[in-house]
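Trainee: Could you show me how to read a contact between two chains?
Mentor: Gladly; let's look at it together.

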Amino acid sequence: MSGSTIIFFMLAALTLFSAVMAVTTRQIFRAAIFLLFTLIGVAGLFFWMQYEFIAAVQIVVYVGGITVLIIFSIFLTQQAGELLPKQKSSRLLFSALAAFCGFALVMLQVSQHSFSATGAPSIEPTVANIGYKMLGVNEGGYALPFEVVSILLLAALIGCIVIAMRSKPATT
Amino acid sequence: MMEPGLYHLLFISAALFFIGVFGFFSRRNLVTMLMSIELILNSVNLNFIAFNKYLWPNKMDGLFFAIFIIAIAAAEAAVAIAIIINLYRSHGSIDVEQAEELKN
């Protein structure tokens with residue numbers, strides 16, 4: 001058993017354990033912290049697959065951005081030390097059943113399907129290659145989706161400001 | 001012990017997805033539901049990167065899909081949190097059972 005294998009299974013255990021705790025714990029702040037560890041575990045898996053750029057993006061955007069945003073919204077909307085209300089056990093049972101059945105179905109399909117890799121020479125996912133491809137306007141370039149995502153981010157920015165703006169009291 | 005490969009990553013990804021689905025079904029608090037959605041989006045990213053690495057290493061399409069999904073997830077989280085804070089201001093609660101009317 002090589003070191004790489006051991007690291008893989010440790011990352012997998014960290015990710016899955018934190019994910020389960022994030023959706024089952026009744027203290028909402030702990031749920032946010034467990035979500036943070038799940039996201040770090042997924043970033044570690046990206047590092048393990050040697051996709052360093054996407055792992056860095058994952059850490060910057062998810063761990064640095066979205067989790068902090070979620071923690072701030074918890075501070076703004078929850079009373080300190082208050083537990084989440086207990087859910088009905090029938091609802092917990094049925095959602096666990098639905099999730100487990102879906103998982104069993106997907107894993108059954110995956111285990112029966114044999115994937116075949118292409119034998120073509122691989123491209124290293126270095127930052128230079130990613131940059132050329134992302135702003136390329138040739139066949140297979142991603143310049144148009146890049147611009148569309150920029151517009152989407154601008155729209156989301158304006159939308160957030162408009163939604164969260166305190167509406168002025170009606171002036172007479 | 002087998003060397004970890006595509007099937008292990010697909011297992012982790014599917015498990016993460018359905019943990020997120022479980023959280024989405026069982027929670028009634030909007031912030032925790034948003035956290036479940038983040039789990040689901042992350043599992044999809046893991047799937048794209050795993051397929052890109054093990055099946056099509058001569059292309060980078062999976063990587064770009066993952067990057068765009070991360071960008072869209074960030075925008076979605078920001079908008080969702082703006083909506084949640086607005087809902088808290090008008091209803092005093094972010095439980096979905098108590099948000100029955102959209103306008104008050």
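Mentor: We will go from the chain contact to one helix pair, then to the domains. This is a predicted model, in which local features need pLDDT of at least 70 and side-chain atom pairs count only at pLDDT 80 or more, while totals for chains, interfaces and linings use all residues. Residues are numbered from 1 along each chain as its sequence is written, with chains lettered from A and ligands numbered from 1 in the order in which they are written.

Trainee: How many residues does the contact take from chain A and chain B?
Mentor: Two residues are in contact if their C-beta atoms, placed from the backbone, lie within 7 Å. Here chain A gives 68 residues and chain B gives 58 residues. Helix 3 of chain A supplies the largest share of the chain A side, twelve residues; helices are DSSP runs (H or I, at least four residues), numbered from the N terminus.

Trainee: How do I read the angle at which helix 2 of chain A and helix 2 of chain B pack?
Mentor: Axes are lines fitted to C-alpha atoms over the stretch in contact, and angles run from 0 to 180 degrees between N-to-C directions. These two helices pack at about 5 degrees, their axes 11 Å apart. That makes them roughly parallel (angles under 35 degrees). Among the residues that meet are A:Leu35 and A:Leu39 from chain A, and B:Met35 and B:Leu39 from chain B.

Trainee: Which domains does chain A have?
Mentor: Domain bounds come from an automatic or database domain assignment. For chain A, that assignment gives domain 1 (1-81) and domain 2 (126-172). Their centres, taken over C-alpha atoms, are 25 Å apart.

Conventions. Angles under 35 degrees count as roughly parallel, over 145 as roughly antiparallel, 65 to 115 as roughly perpendicular and the rest as oblique.
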